[in-house]
Amino acid sequence: VALTLLTVTALAAAPPVTLVNNDPAADARKPAIALERGTSGVVVAWLETVGGVYHAFVKRWDGKAWVRLGGALNRDKSFNSFDVALDLDKQNRPVVAWTERSNISNGKISGPGKLYAARWNGKAWQQLGDSPSKRPSSASDLPVIKLDPNGNPVMAWNELSPDFNGNSVFVDRWDGARWLEVDRGS
């Protein structure tokens, strides 16, 4: 009886769980995390279902609660986000890359899609140009993002060929106005 009472007391004293995702009943997956420089702040990006479609979101821990940074990042709200990557600039503002894919797959594992990136300006997400994806009918996948000393993102990702028989890896750099290939052979 003492063990049972102790267990119930310990469970009652445990702090509540703090979820990052927006809807505790929705499926959330594939988190990316970054630690703020000079603070104890944390920024996380993840994918979460809204109306049956995965959307990319970002939140920052303010020391007491998770604060959402804008709304869903998806450009096409009917396309699923599949992957998300995250880095922080010198002012701890997030830069995020994510992929979106069509739900029409014609019997394949996934439909075609693109890679996108955006920067948080402190109030809203600013899109970084159009998609740097290389092939219109390929499926961009698995982005990795790092910021150069000037705060401009460099991204690597792979694209599954339109016939879904092979992947290629690409690397592009944002020059402040557009995406440029790091080299023609990447």
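Colleague: In this predicted model, which residues of the largest nonpolar core touch the most other members?

Modeller: The largest nonpolar core of this predicted model holds 19 residues, and those that touch the most other members are Val 58, Leu 73, Val 84, Leu 86, Val 96, Trp 98 and Trp 125. The elements that give two or more residues to this core are the strands β1 (28–35), β2 (42–50), β3 (53–61), β5 (80–88), β6 (94–101) and β7 (113–120). A second, separate core has 13 residues, including Leu 115, Leu 128, Ile 145 and Trp 174.

Colleague: If I take Val 96 as an example, which residues is Val 96 in contact with, leaving aside its neighbours within four places in sequence?

Modeller: With those neighbours left aside, Val 96 is in contact with Val 58, Leu 73, Val 84, Ala 85, Leu 86, Tyr 116, Ala 117, Ala 118, Trp 125 and Ile 145. For the chain taken as a whole, residues 24 or more positions apart account for 44% of the contacts with a separation of 6 or more, and buried residues make up 41% of the 186 residues.

Colleague: How should I read the way strands are joined, and in what order do the four strands of the open sheet stand?

Modeller: As a general idea, the strands of a sheet pair through backbone hydrogen bonds, either parallel or antiparallel. Here four strands form an open sheet in the order β1-β2-β3-β4, and their pairing is antiparallel. Because β1 and β4 (66–68) stand at the edges with a single partner strand each, one side of each is left without a neighbour in the sheet. On average, and with direction ignored, neighbouring strands of this sheet are turned by 30° against each other. Within the sheet, β1 and β2 pair in the antiparallel sense over six bridges, and the bridge partner of Ala 32 is Ala 45 in β2.

Colleague: Which strands does β10 join, and over how many bridges?

Modeller: Strand β10 (residues 153–160) is joined by seven bridges to strand β9 (residues 139–147), and the two run antiparallel. Seven bridges also join β10 to strand β11 (residues 167–174), again antiparallel. To find these pairings in the structure, one can look for Leu 147, which stands opposite Pro 153 in β10, and for Trp 157, whose bridge partner in β11 is Phe 170. The strands β9 and β10 form a hairpin with five residues between them, and Gly 151 in the turn has a positive phi of about 85°.

Colleague: Is Asn 158 counted as buried or exposed, and which residues does it touch?

Modeller: Asn 158 has its place in strand β10, and because its relative accessibility is 10%, Asn 158 counts as buried. Not counting residues up to four places away in sequence, Asn 158 touches Ala 139, Ser 140, Asp 141, Leu 142, Asn 167, Ser 168 and Val 169. One of these, Ser 140, is 18 residues from Asn 158 in sequence, while the C-alpha atoms of the two are 5.9 Å apart in space.

Colleague: What should I make of a positive phi, and which value does Asn 92 have?

Modeller: In general, most residues other than glycine have a negative phi. Asn 92, although it is not a glycine, has a positive phi of about 65°. Asn 92 is found in the loop between β5 and β6, whose hairpin has five residues between the strands, and at 10% relative accessibility Asn 92 counts as buried. Leu 142 is not a glycine either and has a positive phi of about 50°; Leu 142 lies in strand β9.

Colleague: How many of the residues of β5 are buried, and how is β5 paired with β6?

Modeller: Eight of the nine residues of β5 are buried, so the strand is largely enclosed by the rest of the structure. The pairing of β5 with β6 is antiparallel over seven bridges, and in it Ala 85 stands opposite Ala 97 in β6.

Colleague: Where do charged ends sit over rings?

Modeller: The charged end of Arg 29 sits over the ring of Tyr 54, 3.9 Å from its centre, and that of Arg 101 sits over the ring of Phe 82, 4.2 Å from its centre. As for pairs of rings, a search of the whole structure finds six aromatic pairs.

Methods: Residues numbered from 1 in each chain as written. Predicted model: local features only at pLDDT ≥ 70, side-chain atom pairs only at ≥ 80, totals over all residues. Heavy atoms only, no water. Core = buried A, V, L, I, M, F, W, Y, C linked by side-chain atoms within 4.5 Å. Buried < 20%, exposed > 50% of the residue type's maximum accessible area, 1.4 Å probe, protein only. Contact = heavy atoms within 4.5 Å. Phe/Tyr/Trp six-rings, centres within 6.5 Å; stacked < 30°, edge-to-face > 60°. Lys NZ or Arg CZ within 6 Å of the ring centre and 35° of its normal. Pairing = 2+ DSSP bridges. Axes fitted to C-alpha atoms, helices over the stretch in contact; angles between N-to-C directions.
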